[in-house]
Structure formats: structure tokens, C-alpha cells
Amino acid sequence: MTISSIPFSRVYLTGREELYMREALRTRQLSGDGPFTKRCHAWFAERFPKAEVLLTTSCTHATEMAALLLDIQPGDEVIVPSFTFSSSANPFVLRGAHIVFADIREDTFNIDETTLERFITPKTRAIVLVHYNGVGCAMESIMALAHATNIAVVEDNAHGLLGKYKGQTLGTFGTFGLQSFHETKNITCGEGGALIINDTQFVARAEILREKGTNRKSFLQGQVDKYTWVDMGSSYLPSDLLAAFLLAQLEEIDKIQAKRRAIWEFYAQQLAVWAQRSGVRLPIIPEECEQTYHIFSLILPSEAARLALQRSLKKHGITASSHYVPLHLSPMGQRFGAASCPVAEDLASRLLRLPLYAGLTEEEAEQVITLVQNTPLFAREI
Ligand SMILES: Cc1ncc(COP(=O)(O)O)c(C=O)c1O
């Protein structure tokens, strides 16, 4: 069998990116909040009718806006799952917060909602959730706890644009939802993100923070005759060139998701018997969750088996990838003291993600499957 090189992820182009970017170039409107940003905002307004959604330069920056809007102060505590990217925690650290790491669930890799109550102190200001692979966290019990304790919920939905939990769109449960349009995400513009604001009291200040702390938006709407510095802030709005690229992707989200779904389901189907025989766990998607087909993960029987499979695939030109180093074990995470997250530690060591992108052909997926099935999983057999 000849095997071509198969990357872990590759940007899928819908065909309209260049057209829209040329249009932006022709009109010479390249700064933020231009015509294409408005069209992206209109797209979001349709899908998130009860929220205000603002494009940002990244999910990290959307999280920074959430931390600023929540007025996180030095010494405040923020609960974050250990199994996530630094960007779920860093924006709160920048405000001086103390991070409290929570463990994750065995089945979904999402924050373990049953442990949250024990982390809450009078200083807890926010709970950050990650909907891993766009599979919703247990939102009913988490929101009930948040309401009872008056703690804000921030949904890091970098993986899960338009995923649903019990029919409700991810990112619309908490005070804020966060999206990423990084190159590795289902919908991309290279670097980009969005802040979903579900509580209207934060909208006016969000517009100011995003525009360098100025009331430029009010000026553009004719509400003031000059704009000026009115609050702290930064530059969180992406160039309209990026919004042009993003719009081309957003408009094709159904097609992109259908392609990812077909590959995801092909993997699941073809690997089912092998997985059962080999003691490998395939993804578990609870019935109440509509996922986004962002990740296809295997949980191998041991770390050695994960490394063996990863190396074998690599040898044949296929890149499979582990995922987050649990944050509580990272050099920066350790500064927040010892945390006990045994599930995150165990799963992180055994998790391997197979290549998954909209442009992956069935033939390529078959190559991946064949190699996976033919690799001995026990180190001594390699
Ligand atoms: C869960 C999660 N949140 C946030 C981010 C950061 O996204 P961005 O690169 O758009 O800032 C990532 C990056 O992969 C992520 O996996």
C-alpha cells in the first residue's frame, strides 16, 4: 500500500475566501468592524438571537474580555478544568486571579460537575468550562450551582461552534461564550475568535474594551460628536480582511460539518471491532449532546501503547496527536499549588487524536484506519 503523508489538520477552503478578501481590498476597508465584520455579526445574530456576539482577534482575547468584564481582581478565584489549553486560564491570571484546577469526567473529558461544589469559596468569581470536542458539559447542574452561588460561568467553546446540549446552543448558557477561529478549528480565519455575551448589561462596556477603551462605537452611531478614552481596554477587533475570510467559512458551515461528520463516523464505524478487541476506547457522546466533530480521539490501554501507535503512524507519514498536558502539571500551573486531577492525568497520557479535517478523503481515512488496526499496541511487540 502506498501511503501519502497525512497531516493532523489542514485548513479547508470553501472557494469564496479569496473572492471576499479581494472585495475587501477593492473597497480599501481593512480595519476592524468594516462591512465583512458586519456580515459576520449578522450571521451570528441569526444563530445566537438572544446574545450579542463580537468578533475578536482570538479566543484568548475573547477570554481576556470576559475576565475584564467580570472585573476579576487580584486574589479572586477562578475554577478551570485542568485538561485544557493555557488560554482558558491565562486571561484570569493576567487580572491577578488564583486558578483552582478541577478534574474532568472519564467519558467526555469535560469538567467533572460533581466535584465543583467543593472548590467554591467566598472568593470564587467564575467557573470556566470547556466543551471538549464540542460535546456539552453537564449544563443543568453547573448552571444550577452557578445561580445558587452567584458565580459567573464562562464557556470556552473553542471546539464547539453550533454544538448543542439538550437542544440549546453551546456558548449561550453562561454569562459569556468564547469561540476560536484558529487555523486548527472547524471554521477558521487563521487567527480569530468571538465573544458571545448572554447578559446584556455587559454589551456597552464590551464594545468600549474592544475598541482601546474608547467610545468609538457611540461616535460611529452618531450618539456623541467626538470619541475619547472612557475606560481601560485593548485592541480586540480583527481586520476586516480576516472577517472576509471568516464569512466565506461561516456561510459554508453546514457543508464543512457534514464532511467532518462523515469522516468521524467512518472512523467510529470502521474501528469499532478493533477497538473492542484491543481495549481501546472510542469517543463517548452522551445522548443529550450534539457534537461538532472537531476531534476523533482514541483512549489507548496505556501511555506506552499511545506512544507506540503515534510513532508507528508517524513512520508512515500520518500525524496523530496527543492533546493538552494537564495544566496543573505544567510549570505555570504548578505555581497555583498542588491539585488532584487523576482522571485528567490518566486520560491525557493515553489519548491520541486521529487526523480529522473537512478535506480528508475516504481513501486517506482508510489508510489511517488500516495502519491503526495493524499496529501492535503493546510496547514489547513493537
Ligand atoms: C479549549 C481552547 N480554548 C482556547 C484556545 C485558544 O484559542 P485561540 O488560539 O483562538 O486563542 C484553544 C486553542 O486551541 C483551545 O483548545
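**Figure 1. Cysteine sulfur atoms around Cys289 in the predicted model.** In Cys289, the sulfur lies 8.6 Å from the closest cysteine sulfur, that of Cys137, which is too far for a bond. A disulfide would require the two sulfur atoms to be within 2.5 Å. Cys289 counts as buried, with a relative accessibility of 9%. The whole structure, which is a predicted model, holds zero disulfides. Cys59 likewise takes part in no disulfide, and the nearest cysteine sulfur, in Cys189, is 12 Å away. Cys59 is buried, at a relative accessible area of 8%.

**Figure 2. The open sheet of seven strands.** The strands follow the order S1-S9-S8-S5-S4-S2-S3, and their pairing is mixed. Strand S1 (52–56) and strand S3 (98–102) are at the edges; each has a single partner strand, so one side of each has no neighbour in the sheet. From one strand to the next, the twist averages 20 degrees. In general, the strands of a sheet pair through backbone hydrogen bonds, in either a parallel or an antiparallel manner.

Figure 3. Strand S9 (residues 193–197) pairs with S1 in the antiparallel sense, over five bridges. Within S9, Ala194 is the bridge partner of Leu55. Helix H2, formed by residues 35–47, lies across both S1 and S9. The helix runs at about 140 degrees to S1.

**Figure 4. The largest nonpolar core.** This core has 46 residues. Val78, Phe83, Phe92, Phe176 and Leu195 are the residues with the most contacts inside it. Helix H3 (residues 59–69) gives the most to the core, contributing seven residues. Both domain 1 (17–250) and domain 2 (253–381) supply residues, so the core lies between them. In soluble globular proteins, nonpolar side chains tend to be buried together.

Figure 5. Which residues does Phe83 touch, not counting residues up to four places away in sequence? The contacts of Phe83 are Ile104, Phe109, Tyr132, His323, Tyr324, Ala344, Ala348 and Leu351.

Key:
Residues are numbered from 1 along each chain as its sequence is written. This is a predicted model: local features need pLDDT of at least 70, side-chain atom pairs count only at pLDDT 80 or more; totals for chains, interfaces and linings use all residues. Side-chain values use heavy atoms; hydrogens and water are left out. Two strands pair if DSSP finds at least two bridges between them. Helices (H or I, at least four residues) and strands (E, at least two) are DSSP runs, numbered from the N terminus. Axes are lines fitted to C-alpha atoms, for helices over the stretch in contact, and angles run from 0 to 180 degrees between N-to-C directions. Contact means heavy atoms within 4.5 Å. A nonpolar core is a set of buried Ala, Val, Leu, Ile, Met, Phe, Trp, Tyr and Cys residues joined through side-chain atoms within 4.5 Å. Buried means under 20% relative accessible area, exposed over 50%, partly exposed in between (1.4 Å probe, protein chains only). Domain bounds come from an automatic or database domain assignment.
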